[in-house]
Amino acid sequence: MRNSIQNKLIELVEKKRDDIIRFVQNLVRIPSVNSPPDGEEKECQEFIASKLKKLDMDVDMFTPDEVPGIKDSPFYVPNRKYVNRPNVIGRIKGLGGGKSLLLTSHVDVVPPGKIKWEHDPWGGDISESKIYGRGAADAKGGLAAQITAVECIKELGINLKGDLLFASVVDEEFGGMNGSLAVSLNLGRIDGVILSEPTSLCVMPGCAGGLQYEIVVKGQFAFEGQKYMGVSAIDKMYKVIKGLQKLENERNRKVKASPLFSEYPIRTPITVISIKGGDFEVGGVPDSCKIMVWHGAIPGEDKIAVMDQLQNILRKVCEKDIWLKENRPDFKVIGTWLDPCEIPYDHLLVKTISSNVKRVTKKDTVIKGMEGSCDLSRFVISGGIAAVVLGPGNIKQAHAVDESIEIEEIMKATKIIALSAIEWCNSQ
């Protein structure tokens, strides 16, 4: 790629700053909430499809369950509904002789939550050089960067040898991933994927996985003044939680981590994300306690081994307690196993993106694994496709109250993605 083309592209992105800001605001202002098993992505997807058509891309819209054979895939997540929840794909056909690249991210967002926001979650407000709103960071800022990158390539009349594709997918949140699975099956062989999640412009050739489950412990009710006559389910659950903490420590010491995850202080977190026990109004010794747990896993681990470790620690906890030995906790997996995955640290796609991150940011590129789970596995594992996560926004903002994204990061991401697309699609 000639320096003149690089410079023209970077200049064009800067000229589109106001357009990019408005685009992100408009995306945020269209609620696209995922409420399993349903979702409300259609209006936002239609808005994106109209944008792609204006770019003269070949556009296709289809729901995940319309893809032949998807429900037979071992990676398909059951019990999700897809009425009025279409994926959107746009394609620019290459001249031939180059590598194909898919730019993709998810349009669905989590609900605003019950805590009051200072900014309207659907307002797209701007304050202190940030855009506020649900989905601004996760991941509509990334969607806007990808689409604008395609727009700039088209506007400059840059010819690409390989096909350049874009996909906005539904149902990523809450362990969905069928949207990306459908795209992977629909498109078939693709040479590379850039998946935009909030990575703060770090290059992430791998992501964690894991599963979510609930544990319910039964106790025995008694009047609080006669505690000795009851069995506190909360006290017994405390022993279970201590067992999970012990397992987390053991896993963190013993599990061999790839270079992408080796520097994290907790590589395999076991997080109690909610707890419910007792009745505040009634009082008394609580006779039930339930926890919801996220059980993380990193590349190289499989579901069977992880579950065996978990069941073993629960068995040991119960054997040491008379009540739990006779009243075993109920255990239930919520959702599905999310596969951790990675591609080689020195893959050409990683090198291509990394060099352009350094070119745009003027800083050394940070390459590491993504601590959370995302759609990456639906391309790397189920599709056998090289894929990397890179996008604007801080992961700390994902699902947060007053979610926001820095405008400058969106600008830089747009430049990085556009430069990487040109370089990748014109390579052999």
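Residue A139 lies in helix α4, which spans residues 136–155. Helices here are DSSP runs of H or I of at least four residues, strands are DSSP runs of E of at least two, and both are numbered from the N terminus. The bond that joins D138 and A139 is a cis peptide bond, with omega about 5°. A cis peptide bond also leads from P36 to P37, where omega is near 10°. P37 belongs to the loop between β1 (34–35) and β2 (38–39).

The structure is a predicted model, in which local features need pLDDT of at least 70 and side-chain atom pairs count only at pLDDT 80 or more, while totals for chains, interfaces and linings use all residues. Residues are numbered from 1 along each chain as its sequence is written, and side-chain values use heavy atoms, with hydrogens and water left out.

## The mixed six-stranded sheet

An open sheet of 6 strands has the order β3-β4-β8-β5-β9-β16, and its pairing is mixed. Two strands are taken to pair if DSSP finds at least two bridges between them. At the edges stand β3 and β16 (387–389), each pairing on one side only. From one strand to the next, the twist averages 15°; angles run from 0 to 180 degrees between N-to-C directions, and axes are lines fitted to C-alpha atoms, for helices over the stretch in contact. Within the sheet, β5 and β8 run parallel and are joined by 6 bridges; L101 is placed opposite L164 of β8.

Two helices lie across strands of this sheet. Helix α4 covers β4, β5, β8 and β9 (192–195), and runs at about 150° to β5. Helix α5 lies across β3, β4, β5 and β8, at about 35° to β4.

Helix α5 (residues 178–187) is mostly covered, with 8 of its 10 residues buried. Buried denotes under 20% relative accessible area, exposed over 50%, and partly exposed in between (1.4 Å probe, protein chains only). Among the buried residues of α5 are L181, A182, V183 and L187. The buried residues pack against β3 (58–62), β4 (87–92), β5 (101–106), β8 (164–169) and α10 (377–380), contact being defined as heavy atoms within 4.5 Å. After α5 comes G188, which has a positive phi near 75°.

The loop between β8 and α5 contains F174. F174 has a positive phi of about 60°, although it is not a glycine, and F174 is partly exposed at a relative accessible area of 45%. Another residue other than glycine with positive phi is E128, at a value near 50°. E128 lies in the loop between β6 (126–127) and β7 (130–132) and counts as exposed, at 68% relative accessibility.

## The antiparallel four-stranded sheet

An open sheet of 4 strands is arranged in the order β12-β13-β11-β14, with antiparallel pairing. The edges are β12 and β14 (330–338); each has a single partner strand, so one side of each is left without a neighbour in the sheet. Neighbouring strands are turned by 15° against each other on average, direction ignored.

Strand β13 (residues 288–297) is mostly covered, 7 of its 10 residues being buried. It is joined to β11 (residues 209–218) by 10 bridges, and G210 stands opposite G296 of β13. Strand β12 (residues 270–277) pairs with β13 over 7 bridges, where I275 has I291 as its bridge partner. Strands β11 and β14 pair over 6 bridges, and I215 has F331 in β14 as its bridge partner. Helix α6 (residues 233–254) packs on the sheet, touching β11, β12 and β13, and its direction makes about 10° with that of β13. Helix α7 (residues 303–319) also packs on the sheet; α7 touches β11, β13 and β14, and its direction makes about 160° with that of β14.

## Helices α1 and α11

The axes of α1 (residues 3–15) and α11 come within 10 Å and cross at roughly 145°. The residues of this contact divide into 7 nonpolar, 2 polar and 2 charged; Ala, Val, Leu, Ile, Met, Phe, Trp, Tyr, Cys and Pro count as nonpolar, Asp, Glu, Lys and Arg as charged, and the others, Gly among them, as polar.

K415 lies in helix α11 (residues 407–425) and is buried, with a relative accessible area of 8%. Its side chain makes a polar contact of 2.6 Å with the side chain of E14. A polar contact is a pair of N or O atoms within 3.5 Å; within protein, one must be able to donate a hydrogen and the other to accept it, and residues adjacent in sequence count only if both atoms are side-chain atoms. Not counting residues up to four places away in sequence, K415 touches L9, I10, V13, E14 and V360.
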